[in-house]
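Subject: Handover of a structure and its findings

Dear colleague,

Please find below the structure that I am handing over to you. Kindly keep it open while you read the notes that follow.

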Amino acid sequence: MNKFVMAIFLIAAFVIGMFYGSNKQAAPIITSNTGGASYSGGYDKNTDKEVVNKKVTAKNASTKKSAVAKRKVAGTTHVVNDGESIMAAVELAKPGDTIQIMPGKYHETVYIDKDDIRLIGVIKGGKRATLDGQKKLNDAILYSGNNIVIENLMITQYKGNGIMGQAGNNFEIRNNIIVDTGVYGIFPQLGKNGIVEYNVLSGIEDAAIYIGMSDNIQVAYNDVFDNVAGIEIENSRHAIVEHNNVHNNTGGILAFITPGLPIKTTFDVIIRHNFIDNNNHKNFAAVGSTVAGIPAGTGILIMAADEVIVEDNLITNNKTAGILITDHDNAPNTTLDPDADPAPDKVMILNNLMLNNGYDTIDEAKALMLTEFKQGNPDILRVGVSRDSCIINRHRYVTVGVKDWQECTFTNTDNIKSYILDEPVPARKIDPSERGKVVYMGICAGCHVYSGRMVGPPVQVIQALYMDNPQGIADFIAAPTKKREDYPEMPPQNYLDEKTRLAAAKFMLSVTK
């Protein structure tokens, strides 16, 4: 009996020794918040085949830029008064025209398939032009044109999207109030060179600002709250998310690779100078969707995205963790994509102020902390594989999974002012033979991935249902009906002509990954 007690004592002493020994660390490496080297990586326009003028790099250019082409000649201004149709004005407009919308209520969907159109709400005495879907219409504004400006509008009570870009380049979306517009608030898909700034968004059941498969994006000075995901950079590259107020969402700011989409990467994302506070809202996303797996209380979520820099944010009061980093293998509601690297590599965490995060964290996080004999509330959690990542001033935070990370060799991103281009990229020219592919990537892939679930059913399921019947898909696209209780109703795409719908259907049936 005495030997048994002695054995238990020795084991307990060993465990206690391991615990306290692991907490006796060498003097921390303290890196000054001022001065120091600036990040030397990031976007290089000299390697971008779409950029015409390569004389000025994005790194030394001015912070304040326009994403749309400057007008050499002023076009016609069309004024829409309360009781009139915005869409009728769009149909009359020519490239270079401006549409001014006077305060009032407008119950319609607006589709802009022309280049260089500016849709401007007129604010008088605090009153705005309000697009109200009355929970009957799916989308407020859809645009596929290039050089589009949308600003000063109130958008509410739609079932699908507030503002959705469908393969349009060079866009500016600013100073809009978007409340309860269904799945997405502002959703540029398959666009290049765009600015989303000074918007207020709330009540969105997926992502309030969702940057999908896009490049050279600036998301700044937005107030985003009471959504499932606040700001999401998904399968996109060269994006800066800065100076936003992101609070009371389920998850604050996300950098994702969603498996099964046509573009397989997310990299070169800078998340800096944001207020990320109290993102503890109950998750109300569609069951089974990708964002339904976000644990309430997540400040920043990095899933499989590479070269993500987190710098000078105030990250406070997020009950699960301030920063959560995961690969696909450990993320809920994701499927593996053999063509997408599942690991978040080269994540770089610089100076951030973190306070009162992880105070009511999930059981999985508690289990991770035990593996490192950690106590306290986690600021930073990393689970799964992450290669070549770095952090400075790690001693400031309660961390799990970053003890083997290197010290970053730089302290700031001051050299990178903007990823918006000095000159807009050329308008997207779509060859007739590529129309189906572009529509699939610019529209269909906003809700459907190949083998998993994002919003709508997987492409594989659709292929099994329709097989050699592209016309059946084309007809359904024009006038969809709700077929499955566990999926939201699909919005009609009847603004697309019959040939375009059929081309998209044929391409969807040909997709293999």
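The model is predicted, so local features need pLDDT of at least 70 and side-chain atom pairs count only at pLDDT 80 or more, while totals for chains, interfaces and linings use all residues. Residues are numbered from 1 along each chain as its sequence is written, and side-chain values use heavy atoms, without hydrogens and water. Helices (H or I, at least four residues) and strands (E, at least two) are DSSP runs numbered from the N terminus.

The helices around helix 7

Helix 6 (residues 470-478) and helix 7 (residues 498-510) have axes that come within 8 Å and cross at roughly 125°. Axes are lines fitted to C-alpha atoms, for helices over the stretch in contact, with angles from 0 to 180 degrees between N-to-C directions. Helix 6 and helix 7 are therefore oblique to each other (under 35 degrees is roughly parallel, over 145 roughly antiparallel, 65 to 115 roughly perpendicular, and the rest oblique). Where they meet, helix 6 contributes Pro470, Gln471, Ile473, Ala474, Ile477 and Ala478, and helix 7 contributes Glu498, Arg501, Leu502, Ala505, Lys506, Met508 and Leu509 (contact means heavy atoms within 4.5 Å). By class, this contact of helix 6 with helix 7 has nine nonpolar, one polar and three charged residues (Ala, Val, Leu, Ile, Met, Phe, Trp, Tyr, Cys and Pro count as nonpolar, Asp, Glu, Lys and Arg as charged, and the others, Gly among them, as polar).

Helix 5 (residues 459-466) also packs on helix 7, at an angle of about 105° with the axes 9 Å apart. That makes helix 5 roughly perpendicular to helix 7. Val459, Ile462, Gln463 and Tyr466 of helix 5 make this contact with Met508, Leu509 and Ser510 of helix 7. The residues of the contact of helix 5 with helix 7 comprise five nonpolar, two polar and no charged.

Between helix 4 (residues 435-442) and helix 7, the packing angle is about 80° and the axes are 7 Å apart. Helix 4 and helix 7 are therefore roughly perpendicular to each other. On the side of helix 4, the contact is made by Arg435, Gly436, Lys437, Val439 and Tyr440, and on the side of helix 7 by Thr500, Ala503, Ala504, Phe507 and Met508. The contact of helix 4 with helix 7 divides into six nonpolar, two polar and two charged residues.

An open sheet of 11 strands, with parallel pairing, has the order 4-7-10-13-16-19-22-25-28-31-33 (two strands pair if DSSP finds at least two bridges between them). Strand 4 (110-112) and strand 33 (399-400) stand at the edges with a single partner strand each, so one side of each has no neighbour in the sheet. Strand 19 (residues 229-234) runs parallel to strand 22 (residues 251-256), joined by five bridges. Ile233 stands opposite Ala255 in strand 22.

Three bridges pair strand 3 and strand 6 (residues 129-132) in the parallel sense, and Gly104 stands opposite Ala129 in strand 6.

A loop residue and the salt bridges

Val122 lies in the loop between strand 5 (117-121) and strand 6. Not counting residues up to four places away in sequence, Val122 touches Gln100, Ile101, Met102, Pro103, Lys127, Arg128 and Ala129.

The whole structure holds 15 salt bridges (a side-chain nitrogen of Lys or Arg within 4 Å of a carboxyl oxygen of Asp or Glu). Asp48 forms a salt bridge with Lys192, with the closest N and O atoms 2.4 Å apart. This pair links distant parts of the chain, 144 residues apart: Asp48 is in the loop between helix 1 (2-22) and strand 1 (77-80), and Lys192 is in strand 14 (residues 192-197).

Yours sincerely,
A colleague
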